[in-house]
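Q: Please take one part of this model and look at it closely. Show me how it is built and what lies around it.

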Amino acid sequence: MPTLLHIDSSPLGQGTSFTRELTAEFAARWRDTHPGGKVIYRDLARLEIPEPTAEWVAAIFTHEAAQSEAQKKLLKISEEFIADLYEAGEYVIGVPMHNFSVPSKLKLWIDQVVRRDKTFSYGTGIPEGLLIDKKATFLIASGGVYDPGTPLASYDLIEPYLRNVFGFIGVTDCSFVHAGGTAKLMYGVDRPTILQPALDAVRTSFQAA
Ligand SMILES: Cc1cc2nc3c(=O)[nH]c(=O)nc-3n(C[C@H](O)[C@H](O)[C@H](O)COP(=O)(O)O)c2cc1C
């Protein structure tokens, strides 16, 4: 069954968050084009995601057969997040820019899913991503504008980071849509005007597919 993994990471709610509006539009279009498809939804802002503590690191380096019940419990959410990545063929991820990078909840999720012999392997001596034939779309919102050729372009750490980290686990088919300049809302520009180019880009991606 075609399956979409839909992830939001903005601390802001529906109606306020720009990225949530973009991912909702993407998911609606995806449902239209995949009747009978399944959508797995993860709202990272509302989830308790453990950080990698010493105990957590020890757990991931303990062979599964030897893991204690406490270690299994510690890794439960990681196993669930990784299962999402395998079950879905396509991912859409809302990414609000926080201090030029991804929000901490999304970083915690990444720490839970980038795991040796789960999503990448050093089996052949060189790192190899284990997620095959997956496609990811990242819908990014930022208060400022970081488009290529603009003065702050090099401050956008999101796109290079996500391209590399997803590529590392095998997801090389990555698309990025940027809704830059959301801070214009504070200077009287209305929300639909700010979001329109990104919404158009999402809709166009479905026409092209
Ligand atoms: C903690 C925090 C840090 C932020 N850092 C930046 C930043 O470095 N650059 C920027 O352009 N906007 C920054 N912003 C503004 C957000 O990127 C902007 O409000 C965007 O619309 C957030 O997406 P959302 O509406 O889906 O939450 C920051 C916002 C917050 C809450």
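A: A helix here is a DSSP run of H or I with at least four residues, and helices are numbered from the N terminus. Keep in mind that this is a predicted model.

Start with a quick use of that definition. N164 sits in helix α6, which covers residues 158-168. Is N164 buried or exposed? N164 counts as exposed, because it has 10 C-beta neighbours inside 10 Å, and the cut-off for exposed is 12 or fewer. K118 is 46 residues away from N164 in sequence. In space, the C-alpha atoms of N164 and K118 are 17 Å apart.

Now the close look: helix α4. This helix runs over residues 76-87 and has twelve residues. From the first C-alpha of α4 to the last is 16 Å. That is close to the 16 Å expected at 1.5 Å a residue.

Which residues of α4 are buried? They are S78, F81, I82 and L85. Look at the spacing of those numbers. An α-helix has 3.6 residues a turn, so residues three or four places apart point the same way. In α4, the buried residues fall within an arc of 95° when seen down the axis, so they line one face of the helix. Turn to the other side of α4: K76, E80, A83 and E87 are exposed there.

What do the buried residues of α4 pack against? They pack against strand β1 (3-8) and helix α5 (104-113).

Take α5 next. Two packed helices are described by the angle between their axes and the distance between the axes. The axes of α4 and α5 come within 8 Å. They cross at roughly 85°. That makes α4 roughly perpendicular to α5. On the α4 side, the contact is made by I77, S78, F81, I82 and L85. On the α5 side, it is made by W109, Q112 and V113.

Then the other partner, β1. This strand belongs to an open sheet of five strands, in the order β2-β1-β3-β6-β7, with parallel pairing. The edge strands are β2 (38-43) and β7 (173-180), and each pairs on one side only. Neighbouring strands of the sheet are turned by 15° against each other on average, direction ignored.

Further along the sheet, β3 (residues 90-96) runs parallel to β6 (residues 135-142). Seven bridges join β3 to β6. In this region, G94 stands opposite L139 in β6.

Definitions and conventions: Residues numbered from 1 in each chain as written. Predicted model: local features only at pLDDT ≥ 70, side-chain atom pairs only at ≥ 80, totals over all residues. Pairing = 2+ DSSP bridges. Helix = DSSP H or I, 4+ residues; strand = E, 2+ residues; numbered from the N terminus. Axes fitted to C-alpha atoms, helices over the stretch in contact; angles between N-to-C directions. Expected span 1.5 Å × (residues − 1). Buried ≥ 20, exposed ≤ 12 C-beta atoms within 10 Å, placed from the backbone. Arc of directions from axis to C-beta. Contact = placed C-beta atoms within 7 Å. Parallel < 35°, antiparallel > 145°, perpendicular 65-115°, else oblique.
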